[in-house]
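Please consult the sequence and the model shown here.

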Amino acid sequence: MNFQFTNPILSCVRGDITQMKTDAIVNAANTSLLGGSGVDGAIHRAAGPELLHECRLIGGCKTGKAVITTGGKLPAKRVIHTVGPVWRAETADQAAQLLTDCYFNVLSVALENNLKTIAFPNISTGVYHFPKFDASLVALRAVREFLAAYPDAFEQIIFVCYEADNYELYQMALEPLAVVPILRAEIERVFDGVPPPKVNWKQATLRDDYISSGPEWEKAAANGWKGRWQDIPDAYFWEPTYQSEFNFLDPDGVLFYYPACMVRHLRAVEQGSGQLHEGLWFATQREDRWTLFTPEQKSTVQRFWNWIKLSQDMLLDADC
Ligand code: ADP
């Protein structure tokens, strides 16, 4: 199947953004524009005092906005400075909107200046503490939305990730095929020999409109788990339509590699109509409710969950 997850203009690398030889690099600045820690400090150090002088003349930048300077001594020609939101300074929705604004405004400035290759850092995910996974979703959505509106504006947009966990998130989203074998190996290692959760299927009401049936259900009913399915939070129902879209990732079907402890492939018969539903229920990231996993298993499940969310997010509008 020839399936395109995302726009080929988008890519990610792990490294130091000050080394990028793009038309522009983006600085995660603060409102003063006078330099700071993290990527801001690194950019000012590498660019030299000329950059600070230019920033001083501009006089500041509001959160979510973007301004442009030369690149000073950097290999990149220009620096586009934007100010990300501080996590918890606003509501989560406002912060996400401001972060979206950052990406939009940077790309608008790049477009106005006819800059074709742009390198972004992971804005707000350092000292501003925006959660990394959420920030990656916001960043990728914003950039793809902009590209959908201006498909010919750019040649390359590179997410330059300084930290391993950020890099993995962008890899998962932009190179999902490359990540699958790594994740699978980790899942197999971490869950090797771990028996499925002891679920008492008789207590599993699932949803009001489902009843359980079949030999798997009977077998599971024999053990003594006292919980209910509702206690596995945010259970993830994988619609059959998604299964076929993900199966191409592996000739055997990636679905077979999810250990029973993480997800259960289950059948449910809808009461009344008798219609058969198939899907995967997936125990997810609500830490307070995760009684099933060790910390190492939790971390693997979390990464797996991120992969599903990011891949699914990219699939939903694969045209842009
Ligand atoms: P913010 O205040 O927006 O959170 P930070 O500079 O603290 O800005 O962090 C933003 C991101 O930039 C973080 O993910 C951090 O790891 C990353 N970062 C730090 N130094 C560099 C660098 N030299 N090149 C690319 N990214 C960097």
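A polar contact is a pair of N or O atoms within 3.5 Å; within protein, one must be able to donate a hydrogen and the other to accept it, and residues adjacent in sequence count only if both atoms are side-chain atoms. The model is predicted, with local features requiring pLDDT of at least 70 and side-chain atom pairs pLDDT 80 or more, while totals for chains, interfaces and linings use all residues. Residues are numbered from 1 along each chain as its sequence is written, and side-chain values use heavy atoms, leaving out hydrogens and water.

- A polar side-chain atom of Asn166 lies 3.5 Å from an oxygen atom of the ligand.
- The protein buries 94% of the 550 Å² that the ligand exposes when taken alone (Shrake-Rupley method, 1.4 Å probe).
- For Val39, a backbone N or O atom is 2.8 Å from a ligand oxygen atom.
- Ser124 likewise places a backbone N or O atom 2.8 Å from an oxygen atom of the ligand.

**Shell around the ligand**
- Around the ligand there are 17 residues (a heavy atom within 4 Å), of which Asp16, Val39, Thr125, Gly126 and Glu163 come nearest.
- Seven of the shell residues are nonpolar, eight polar and two charged, with Gly counted as polar.
- Helix 1 contributes the most to this shell, with three residues (helices are DSSP runs of H or I, at least four residues).

**Gly41**
- Gly41 belongs to helix 1, residues 38-47.
- Gly41 counts as buried because its relative accessibility is 6% (buried means under 20%, with a 1.4 Å probe and protein chains only).
- Gly41 and Asn27 are 14 residues apart along the chain, and their C-alpha atoms are separated by 9.4 Å.

Definitions and conventions:
Helix = DSSP H or I, 4+ residues; strand = E, 2+ residues; numbered from the N terminus. Buried < 20%, exposed > 50% of the residue type's maximum accessible area, 1.4 Å probe, protein only.
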